[in-house]
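Subject: Structure handover

Hello,

Here is the structure I said I would pass on.

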Amino acid sequence: MEDLSNSDGNYDLGYQPSPSFVDQNDQSIPETPGYSTLSGESFVYGRTCSETSAFSDPIDDHSCCSEASTSHWPPTRSMAQNQAVLSRLGTKQQGNEDEKQLDYLESLELELEMMKDRFAKLLLGEDMSGSGKGVCTAVTISNAITNLYATVFGQNLRLEPLNPEKKALWKREMDCLLSVCDYIVEFTSKSQNLSNGTALEVMKSRPRSDIYVNLPALRKLDAMLIEILDSFEDREFWYAEDGSVSSNSSRTGSFRRVVKRNDEKWWVPVPCVPPCGLSEKARKHLRHKRDCANQIHKAAMAINSGVLAEMEIPDSYVASLPKSGRASIGESIYRFMLGTEKFCPDYLLDCLSVASEHEALELADSVEASMYTWRRKACIKHSKPSWGMVKELMSDVDISDKNHILAERAESLLFALKQRYPELSQTSLDTCKIQHNRDVGQAILESYSRVLEGLAFNIVAWIEDVFFVDRAVTRQE
């Protein structure tokens, strides 16, 4: 009975004894109305023996927690006052939890509304009038990935970790857009043995081959690029807030052959290094990340080129091809391509001395148009209704045919041009393919690889900017 009275005293104080000190066989203790039960989950103010109360006197080491009594409270406080203090503390804690719960629910509601908006635009084909004049689903998803990249990385012009909110936005929305690929499958036959030994051939679905190979690789490249940016949290260099510099300073631009900085790009941040330059450890880290970004750029560019090559050539582009490939590329390039026994595209590019990105893009467009013109002439004797049969037809063409030789050399020249200027914009054919593409899987792979290719190239360019400033400071020292 004495123990029972002590226990009742603890409940009057609002004190919760630890379950380990309660006799598990005693089930006769009544539950006091208005107070918590023995469940630790429903009692907010329970304390362990090691905790120190701001309202209690020091407890003797030889005393037991189950022997708590009113003598432990200061004499100046009544039990009602102590209970009021504890009630206010519990109300404050409960209020903080409620506020966090409301914030969480508001964020979920905002995210849900945003996703509704995104998928509504996808279904409407970006035609908000609902009249059915929107673009196809493939183009809509391609535009969505491109716009998402611009939103997340468009203002990120520095070697620094991505903002956590933007990083979460990128991951969340890319997961939603890429989830479409889970339902792009192909059926293959598979042998299945029944319990009675009978062998059956059944059809099994699996991801389409191009998605099965390329999508996991792109996800890995994506994670590696984010990791590279995160590695620059602690750095020895920094960026000037004002992008303008003196007229005699220079830095690597988007076109590698042009090293003078374009003063019109006043918004581009300028990297700054300590007066003595970067340490050897920082330079080694920058070189390593530059090499990694270079490899990622090459991998993304290879995937993008492969996807574009598999896309069908639109009829509108075929109709716009020139009648003569010779007139398209110019007389001098035509004679060089036809007059030499061993064609060297790099030597031809050195002779042309391309001075700007605009000139390089114009050359790529003309060479590509000439290539398809000569391929069409080489296959003209085959009366096939579809331009998509050109690849099969080229295998039947005589390799000594002049048009076939010119088409092969134009292809090698175009490849060398893209290798020399990896930051080159998309050609007219690539743009036309993307606009007229109807394959959703190809649209996702193309746009995803394209934005990763751009991000990898930007990271390499930003690292080169830091090295350029570091070399300049070192020479001054």
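A patch, as the word is used here, is made of residues with over 30% relative accessible area and no salt bridge, and nonpolar side chains are joined into one when they lie within 5 Å. Please keep in mind that this is a predicted model.

By that definition, Leu102, Tyr104, Leu105 and Leu108 make up a nonpolar patch on the surface, and together they have about 380 Å² of accessible area. Leu105 belongs to helix α2, which covers residues 79-124. Because the relative accessible area of Leu105 is 42%, it passes the 30% cut-off for a patch and counts as partly exposed.

Next, helix α3. It runs over residues 137-153, 17 residues in total, and its first and last C-alpha atoms are 24 Å apart, close to the 24 Å expected at 1.5 Å a residue. Its buried residues include Val139, Ile141, Ile145, Leu148, Tyr149, Val152 and Phe153.

Pro161 sits in the loop between α3 and α4 (164-178). With a relative accessible area of 28%, Pro161 is partly exposed. Leaving aside residues up to four places away in sequence, Pro161 touches Leu229, Asp230, Phe232 and Glu233. The C-alpha atoms of Pro161 and Ile228 are separated by 8.4 Å, although the two are 67 residues apart along the chain.

One backbone angle to look at: Ser353, in the loop between α10 (345-352) and α11 (357-378), has a phi near 50°, which is positive in a residue other than glycine. Most residues other than glycine have a negative phi.

Regards

Definitions and conventions
Residues are numbered from 1 along each chain as its sequence is written. This is a predicted model: local features need pLDDT of at least 70, side-chain atom pairs count only at pLDDT 80 or more; totals for chains, interfaces and linings use all residues. Side-chain values use heavy atoms; hydrogens and water are left out. Helices (H or I, at least four residues) and strands (E, at least two) are DSSP runs, numbered from the N terminus. The expected span of a helix is 1.5 Å times one less than its number of residues. Buried means under 20% relative accessible area, exposed over 50%, partly exposed in between (1.4 Å probe, protein chains only). Patches are made of residues with over 30% relative accessible area and no salt bridge: like charges are joined within 9 Å, nonpolar side chains (Val, Leu, Ile, Met, Phe, Trp, Tyr) within 5 Å. Accessible areas come from the Shrake-Rupley method with a 1.4 Å probe; for residues, only the protein chains shown count as cover. A salt bridge is a side-chain nitrogen of Lys or Arg within 4 Å of a carboxyl oxygen of Asp or Glu. Contact means heavy atoms within 4.5 Å.
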